[in-house]
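Subject: Structure handover and findings

Hello,

Here is the structure for your files. My notes follow below it.

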Amino acid sequence: MKIGITCYPTYGGSGAVATELGIALAARGHEVHFITYQQPFRLPVFLPRVFFHEVDVGRYPLFQYPPYDLALAVRMHETVINERLDLLHVHYAIPHATSAWIAKEMLRAEGRDIPVITTLHGTDITIVGQDHSFHAITKFSIDRSDHVTAVSQYLKDETIRTFGCGSQNVQVIHNFIDPAVYDRAAHPPTLREQIGAGRKILMHISNFRSVKRVRDIVRIFDRVRQELPSVLVMVGDGPDRVAAEEEARELGIEHDVHFLGRIHAVAPLLASADLFVLTTDRESFGLSALEALACGTPVIAYEAGGVVEVVKDGVTGALRPVGDVDAMSAAAIAILRDDDRWNAMSAAAAADARARFSADEIVARYEALYTTATT
Ligand code: GMT
């Protein structure tokens, strides 16, 4: 099949999932065309059957806000025609599903049809889509997609609760990992040797937006550090990084908190960690948590959103109430100070990630959906 994929290319879970999906589809013999404004960050320079079509918004003094959505629709329209695409699969509703609908309508006017599949990822439904400025267009674009998937049952329920979308049968297709990449044994313990130096490594990876509550992570670490020799490694960047750095300074623990900035290849880091910490209050899935589990790193997270579909409390990590820093630190200490318990959790985490979220099974579900959409 010839598949057009649109996503946010620079950073974030939805772009990572869309790109990994495209790479996996190409490996299975499909032709994949990424249509977006920049080369997706997880896409290596060249792969057979993978192509990139850049969207250029141009510059014109009249445009204080260059209309990317329209330029994207035009690029989708021409790519469908020139590359004879079979379908468009867009990741994150705003504005991608809207642009795909415009492209579809342009093609319809020319006597062609193109199925549009929209995958909802999280904040497109739980935050951005609920903003008054975007609510109506988000609902419209979901309703007009030929098929809609959500990355968790939680997100499907939120979509129906917030937008109705009664005509859509939203299919839950969880995110996935490549077990060969997210494998503890596959990576040298460089980070452990360089930064850990005999101490436990707690890790967090995100885009440091307010929904992630990154200050809580520093507070949790502060309590753990009082009980166990440990360091905190913060990977990524975003609006609340400064607040997290400030929190570490205020607590006087800045020398044990390492901010690495954005790093795209996270598997080698996760494979060196002892515990992954996720404090989002509305996480639709938690791709980084899944990647940590697959690397045999137990996860402690706030019990909210779709993370409860990923982490098994007491088996692969711990889930505690949102905002309960004390309970999170107690859970972290209990896991980290008991080697037998940690070993059991680490093995269970790697096994459960492989059993429920391996790329082979999940990519096959997208393929089945593509077949339904095109026949
Ligand atoms: O907020 C982020 O981490 C980025 C965001 C995105 O759309 O890029 O991530 C969302 O999609 C990921 C991939 O499906 C999910 O794993 C994340 O849970 C989800 N983020 C939130 O719901 C906050």
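L62 is exposed, with a relative accessible area of 67%. Exposed means over 50% relative accessible area, buried under 20%, and partly exposed in between, using a 1.4 Å probe and protein chains only. L62 sits in the loop between strand 3 (50-54) and helix 2 (68-83). Helices (H or I, at least four residues) and strands (E, at least two) are DSSP runs, numbered from the N terminus.

Before the rest, the ground rules. This is a predicted model, where local features need pLDDT of at least 70 and side-chain atom pairs count only at pLDDT 80 or more, while totals for chains, interfaces and linings use all residues. Residues are numbered from 1 along each chain as its sequence is written, and side-chain values use heavy atoms, with hydrogens and water left out.

Surface patch

Overall build

The protein has 14 helices and 13 strands. Its radius of gyration is 21 Å, close to the 21 Å from the globule rule for 375 residues, so the protein is as compact as a globular protein of that length. The radius is taken over C-alpha atoms, and the rule is 2.2 Å times the number of residues to the power 0.38. The C-alpha trace spans about 70 × 45 × 40 Å along its principal axes. Of the 375 residues, 55% are buried.

Cysteines

How many disulfides are there? The count is zero, where a disulfide is a pair of cysteine sulfur atoms within 2.5 Å. C7 is buried, at 0% relative accessibility. C295 is buried too, at 1%.

Salt bridges

The whole structure holds 31 salt bridges. Each is a side-chain nitrogen of Lys or Arg within 4 Å of a carboxyl oxygen of Asp or Glu.

- K104 and D113: the closest N and O atoms are 3.0 Å apart. K104 is buried at 5% relative accessibility, whereas D113 is exposed at 56%.
- E105 and R108: the N to O distance is 3.0 Å. Both lie in helix 3 (residues 96-109), three residues apart, about one turn of the helix. E105 is partly exposed at 29%, and R108 is partly exposed at 47%.
- R219 and E247: the N to O distance is 3.2 Å. R219 lies in helix 8 and E247 in helix 9 (residues 241-250), so the pair ties together parts that are 28 residues apart in sequence. R219 is partly exposed at 30%, but E247 is buried at 6%.

That last pair belongs to a network. Salt bridges with shared partners join R213, R215, D216, R219, E246, E247, E250, D281 and R282.

Helix 8

Helix 8 has 14 residues (214-227). At 1.5 Å a residue they should span 20 Å, and the end C-alpha atoms are 21 Å apart, which agrees. The expected span is 1.5 Å times one less than the number of residues. Its buried residues are V214, D216, I217, V218, I220, F221, D222 and V224.

Best regards
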